[in-house]
Amino acid sequence: MKPVLLLAALACAFTHLVQAAQPNIVFFFTDDQTSSSLGCYGHPIAKTPNIDSLADRGVRFQNAFVSQSICWVSRSTILTGLTGRSYGTPEDPEQPRPEVSKSLYTDILRENGYRTGHYGKWHTKLAKGDKPARHFDEFEDIGRNPFYKKQPDGSMRHETELIIDRGIEFVKNQPKDKPFALNLWFNACHAEDSDRRPGIGHFAWPSSANGMYEDMEMYAPRLNDPAIFEKLPDFFKTSITRERYFWRWNTEEKYQTNMRAYLRMVSGIDNEIGRFMKALEEAGLAENTIVVYSADNGYHMANRGLAGKWSHFEESLRVPLIVADLRAPKEKQGKVSEAMALNLDLPATFLDWAGVPVPERYQGRSLKPLVAGEKPADWRTETFHEHFAVRNRIPPYEGLRTEQYKYACYFDHDNYEFLYDLKKDPDELVNLAEDPQHATTLKEMRERTKQVVAKLGGPLGPRKGPFTASTPPHPVASAAVTEKPGPDGFVNLLNGKNLRGWSGDDQYWSFEDGALTGVTDGSLKMNRFITWTGSTVRNFDLRVQVKVTAGGNSGLQYRGTSRPDLGLDVVTGYQCDIVANNPDYNGMLYEEKGRRILSHTGEKVIVDTSGEPWVVGKMPVKEFAPDEWHEYRVLVRGNHYQHWIDGHQTADLIDLDEKGRSLEGVLAVQVHVGPAMKIQYKDFKIKHLPDDLPLQTAKDHSIPADAYGVKPQGKLPKGWTAPRYGDK
């Protein structure tokens, strides 16, 4: 063979050897996802065929945990190879020390021949002055708030889709002679905390999951017995984990809506993973790639009356972990490992796969032998867990988990201790800390925890400032948990400056002269809404100043439902109409869910149990001039609805229709199809009334025989006359 050809052959062989030794690494990382939300982990409803396929082609870890269940600490742990307690200082444990953030695992991979990329959520703390882009060849922080982002062509794209778009572009541009490590870190399944509209507001899913689970009944949380919550200590019952329960899980309707939305987020991620894997294969890179799927922390899905994470319970600490080595032979695929794995292990694993020495400072161990089906004899039998982030609002703890026992000490709260026998009590319902029969075990776990703490950096410094409770355990009005009322009992819904706290299309909505302003040029094909994101509304007293131009048509939408099938900003629900030139409609009660006009202005109405409205009394009708400010008032108590304009009552309705009515929903306003118009709102405020106000019943309000039907909307048959209730 000629020397040139020989050199070329040797170079090619060397390249293949390097590729074999240094596989590509794709790291899919989700947010706020407990392992039980995936089909391959046993969820009976979740549709996750692409993630399940990764499990079928690799190893699924049955006992994977995070060392600290909160976004940025978990992410920093993976990047640095250190627990939170170790990468910071006792006085400032959340802030990584400069020497720690100087070299992340991605830097080490780059130094050893890898091209690195990161797209998606970052939310990781580095040393002051450090920039995340410095640690990658390609970097783009793609966040939520909002999840849907307007593109240059005017279309809307979900962050999950954008992250995969960037990932596909990355592999298309990948040099053939170089391995890569690519982070695709999703913001999903994290709720949009600033948007508490159930469904598409709070858990915004990618459009590929539209309609999924719509007709499915979401099963109740397994640990939803109120007695479980009541046994928790007070610092738990008043913390953020309880506050956020009222954002998303506290009513059956809200739970069903949000669970469907959450699963759509999961399936949306799955759909995008399928799209990426297809692109990886088309690029000819799949056969030398290892794919990892995991999450930054677990999630309380209303179990124990809690939401969020931040606790020592299994729901908070357990995460999915799937490793699919696409190079592995068939007999090595589709395995399940029972070994204890930690997020702390991932950076060591990545470096081990790359054939790079793992830094001695790393506190995790490589999962490489476990993925190969060989559990080392000295593999860990205990895991350390802690929480110290946001100590003034989240109760901090430290503790250990073994195969049989779990121990946690909440050191800011009189060293309150938990001890569970996980073999006998896997749901952690019986705290053995005060059981004399387990005193020896308690002491051993306590002392062992102290030893581990000392090894990892020692006890933390004292908390800075007092601990602040987030909510009463059982608030009178759940909508007022976060949106604190003023001295007069009202919450102001406008800040007087901008649209903060509202969600809508800025093509139609803006802030003008201190007022929320909606404008349309008369070309609308569908009503366009802007929705308050602060909370849902249940029972309330609403007051607002409104000014509308002549010919204008708008409405105060309440107890509404988001309708992403019609548009991201569309809402249907009860409505107090605002109609400038028709006194019979101005202040009436309309319902956009299908029953439409429930009462014209000036009618006292009872909606019977089948959903038909009957006029049982009359009130005088007044005219209110356009282009002037008028105060609209909506008072909702149970199923009793009343409207006023400038103190003059325009509607009084009792809704006995259990199937058709809604007792909770979102608050919105709209610009309407029809002539060009301008609508303005100011001094917008709401008083949240108690959740448990009684509902009116048919026994309380009999419908008289001479009551007549409300005139329906639209063109009526010639000679139409209102039906009489007595003839029904």
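In what order do the strands of the open sheet of eight strands lie? The order is β4-β3-β7-β1-β8-β11-β2-β12, with mixed pairing. Before going further, please note that this is a predicted model, in which local features need pLDDT of at least 70, side-chain atom pairs count only at pLDDT 80 or more, and totals for chains, interfaces and linings use all residues. Residues are numbered from 1 along each chain as its sequence is written, and side-chain values use heavy atoms, with hydrogens and water left out.

**The eight-stranded sheet**

- Two strands count as paired if DSSP finds at least two bridges between them; the strands themselves (E, at least two residues) and the helices (H or I, at least four residues) are DSSP runs numbered from the N terminus.
- The edges of the eight-stranded sheet are β4 (138-141) and β12 (335-342), each of which pairs on one side only.
- From one strand to the next, the twist of this sheet averages 15°.
- Inside the sheet, β8 (residues 289-295) pairs with β11 (residues 321-325) in the antiparallel sense over five bridges, and V291 stands opposite A324 in β11.
- Helix α3 (residues 71-80) lies across β1 (24-30) and β7 (180-185), and runs at about 165° to β1. Angles such as this one run from 0 to 180 degrees between N-to-C directions, with axes fitted as lines to C-alpha atoms, for helices over the stretch in contact.

**The seven-stranded sheet**

- A second topic is the open sheet of seven strands, with the order β18-β21-β32-β23-β24-β25-β26 and antiparallel pairing.
- Why is one side of β18 (502-504) and of β26 (596-599) left without a neighbour in the sheet? Both strands stand at the edges and each has a single partner strand, so one side of each has no neighbour there.
- Four bridges hold the antiparallel pairing of β21 (residues 528-532) with β32 (residues 666-671), where R528 stands opposite V671 in β32.

**Helix α12 and its partners**

- Helix α12 (residues 252-282) has 31 residues and reaches 45 Å from its first C-alpha to its last, close to the 45 Å expected at 1.5 Å a residue. The expected span is 1.5 Å times one less than the number of residues.
- Of the 31 residues of α12, 23 are buried, so the helix is largely enclosed by the rest of the structure. Buried means under 20% relative accessible area, with exposed over 50% and partly exposed in between (1.4 Å probe, protein chains only).
- Just after α12, G284 takes a positive phi of about 75°.
- Two packed helices are described by the angle between their axes and the distance between the axes.
- The axes of α7 (residues 159-172) and α12 come within 10 Å and cross at roughly 10°, and these two helices are therefore roughly parallel to each other. Angles under 35 degrees count as roughly parallel, over 145 as roughly antiparallel, 65 to 115 as roughly perpendicular and the rest as oblique.
- Among the residues in contact here (heavy atoms within 4.5 Å), I164, I168 and V171 belong to α7, while I269, F276 and L280 belong to α12.
- For α2 (residues 49-56) and α12, the axes come within 7 Å and cross at roughly 60°, and the pair is therefore oblique.
- P49, N50, I51 and L54 in α2 meet D270, N271, I273, G274 and M277 in α12.

- β14 (residues 397-402) pairs with β15 in the antiparallel sense over four bridges, and R401 stands opposite K406. The two strands form a hairpin with two residues between them.
- β15 and β16 (residues 416-421) run antiparallel and are joined by six bridges, with Y410 opposite Y416.
- The hairpin of β15 and β16 has five residues between its strands, and D414 in the turn has a positive phi of about 55°.

**Cysteines**

- How many disulfides does the structure hold? It holds zero disulfides, a disulfide being a pair of cysteine sulfur atoms within 2.5 Å.
- The sulfur of C40 lies 13 Å from the closest cysteine sulfur, in C189, which is too far for a bond.
- C40 is buried, with a relative accessible area of 17%, and C576 also counts as buried, at 0% relative accessibility.
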